[in-house]
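Subject: Structure handover

Hello,

Here is the structure I promised to pass on. Please open it alongside this email.

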Amino acid sequence: MLAIGMVRGKPGVHALELRKPEIRQPDEVLVRVKEVGVDGTDFNMVKFDLQDIAEGRDEIVMGHEMVGLVEAVGNEVKSLAPGDVVVMTVRRGCGICEPCLHNQSDMCMTGLYTERGIHKRDGFLTEFVVDQEQYVMKVPSDLVKLAVFTEPLSIAEKGIEQIRVIQSRLPWTCAHPEHAFLSPDWGKCKTALVVGAGPLGLLATALLRLAEAHTYVADILPDDSPKVHLVRHIGANYIDARSKTPKEMVEFCCSAYGNVDIIFEASGAAATAIELINYMSRSSIYVMTGIPREEIAMKVDAAQLVRQIARYNQVVVGSVNSNRTHFEMALKDIPHINSRFGGMLEEMITHRFHVQDYRQIFAPRDPKHIKTVIEVEPWD
Ligand SMILES: [Zn+2]
Ligand SMILES: [Zn+2]
């Protein structure tokens with residue numbers, strides 16, 4: 001069967017010929033892959049030749065955002081049956097630490113996890129995959145065409161979950177009990193700054209807007225960019241960071257409200273990310289999800305930073321990957337996002353390729369690119 005991946009010592013992407021996988025354990029599921037989404041992680045793997053291949057192997061199949069169809073199930077599988085449309089999580093736990101043993105491999109303590117299509121384990125950009133039932137979940141029939149967003153949205157869900165868990169320490173950030181951080185309208189009376197209008201920034205913005213937060217999104221894009229159009233379409237405000245310092249960005253977004261309660265970093269622009277800490281408000285929360293690649297040295301006033309974080313009860317928290325519960329949140333929110341923001345998710349898919357055209361997928365992207373989806377087999 002055809003697979004697309006990376007080969008040790010050979011930069012770029014390559015077509016691989018692999019044997020079709022089989023069910024070998026009673027809790028396993030065989031899935032026929034339909035669509036695979038591509039994100040910045042995939043593009044960077046190819047661009048910077050970041051090969052992360054398992055020992056003893058010379059290749060890794062790419063792709064970690066997938067939708068597929070159950071082809072067959074082992075005889076102990078209960079939640080799935082042939083013909084079900086499914087999505088699969090990415091990380092597989094280390095098998096040692098307590099978080100991994102309790103389905104929270106996104107919080108692995110040893111770092112000995114693997115990730116399908118990213119880190120030492122084959123991904124989904126192929127015709128068939130096998131995995132355990134616990135990593136496979138059924139997609140409601142009306143979400144089939146948007147289910148490729150489940151994995152990227154699950155990353156945003158986890159980031160927002162961190163904010164809500166931390167902010168539950170302070171239920172009275174506004175005078176309205178219905179805007180407490182654990183209620184559906186938790187974002188009202190709160191101001192959020194999202195840095196980066198890529199797919200993750202846009203999906204986080206959609207979740208913040210669903211919760212009614214005043215939301216500003218900063219990026220270095222011209223006003224007529226499709227990403228900026230989407231920012232406004234979601235009811236958020238765009239900040240052109242090309243002409244503003246981090247200080248001016250915060251003044252622009254948040255001085256009218258008096259606070260920037262939330263910062264969601266989704267750009268990986270490391271120097272801006274660190275500088276923004278200086279402009280956090282009292283009791284505010286800053287979640288970092290972007291992963292910078294290059295080395296960046298900068299000067300900071302360490303005393304000022306530490307003094308402020310301590311005195312203002314600030315929290316800077318990192319968030320990576322996601323587990324099954326975040327996939328479930330994503331599947332619940334996809335229809336809300338798409339109906340509330342008028343086909344936002346469809347609009348995000350700017351490029352579609354068939355898997356046979358794999359050489360074009362990772363070519364330099366045009367400025368209108370937001371999200372690429374690869375069709376492995378048509379839905380018919
Ligand atoms: Zn672990
Ligand atoms: Zn309120």
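Below is what I found, taken region by region.

This is a predicted model.

Helix α3

Start with α3, which covers residues 150-167. The helix has 18 residues. From its first C-alpha to its last it reaches 25 Å, close to the 26 Å expected at 1.5 Å a residue. How many residues of α3 are buried? The count is 13 of the 18, so α3 is largely enclosed by the rest of the structure.

α3 against α9

Next, look at α9, residues 324-340. Two values describe a packed pair of helices: the angle between their axes and the distance between those axes. For α3 and α9, the axes come within 8 Å. They cross at roughly 110 degrees. An angle of 65 to 115 degrees counts as roughly perpendicular, and α3 and α9 are therefore roughly perpendicular to each other.

Which residues meet here? On the α3 side they are T150, L153, S154, E157 and K158. On the α9 side they are H326, F327, M329, A330, L331, D333 and I334. The residues of this contact divide into 6 nonpolar, 3 polar and 3 charged.

α4 against α9

Helix α9 also meets α4, which spans residues 199-210. The axes of α4 and α9 come within 10 Å and cross at roughly 85 degrees. That makes α4 roughly perpendicular to α9. From α4, the contact takes in A206, L207 and L210. From α9, it takes in D333, H336, I337 and R340. By type, the residues of the α4 contact with α9 are 4 nonpolar, 1 polar and 2 charged.

L143

L143 sits in the loop between β11 (136-138) and α3. Is L143 buried or partly exposed? With 19 other C-beta atoms within 10 Å, L143 is partly exposed; a buried residue needs 20 or more. Leave aside its neighbours within four places in sequence, and L143 is in contact with L331, I334 and P335. I296 is another matter. L143 and I296 are 153 residues apart along the chain, and their C-alpha atoms are separated by 42 Å.

The β7-β8-β9 sheet

Now the strands. An open sheet is formed by 3 strands in the order β7-β8-β9, with mixed pairing. Its edge strands are β7 (91-92) and β9 (120-121), each of which pairs on one side only. Strand β8 covers residues 114-116. β8 and β9 run parallel and are joined by 2 bridges. Across that pairing, E115 stands opposite K120 in β9.

K120 has 16 C-beta neighbours inside 10 Å, so it counts as partly exposed.

E212 also has a positive phi, near 75 degrees, and is likewise a residue other than glycine. Where does E212 lie? E212 is in the loop between α4 and β13 (214-219). E212 is partly exposed, with 16 other C-beta atoms within 10 Å.

Best wishes

Conventions
Residues are numbered from 1 along each chain as its sequence is written. Chains are lettered from A and ligands numbered from 1 in the order in which they are written. This is a predicted model: local features need pLDDT of at least 70, side-chain atom pairs count only at pLDDT 80 or more; totals for chains, interfaces and linings use all residues. Helices (H or I, at least four residues) and strands (E, at least two) are DSSP runs, numbered from the N terminus. The expected span of a helix is 1.5 Å times one less than its number of residues. A residue is buried if 20 or more other C-beta atoms lie within 10 Å of its own, exposed if 12 or fewer, and partly exposed in between; C-beta atoms are placed from the backbone. Axes are lines fitted to C-alpha atoms, for helices over the stretch in contact, and angles run from 0 to 180 degrees between N-to-C directions. Angles under 35 degrees count as roughly parallel, over 145 as roughly antiparallel, 65 to 115 as roughly perpendicular and the rest as oblique. Two residues are in contact if their C-beta atoms, placed from the backbone, lie within 7 Å. Ala, Val, Leu, Ile, Met, Phe, Trp, Tyr, Cys and Pro count as nonpolar, Asp, Glu, Lys and Arg as charged, and the others, Gly among them, as polar. Two strands pair if DSSP finds at least two bridges between them.
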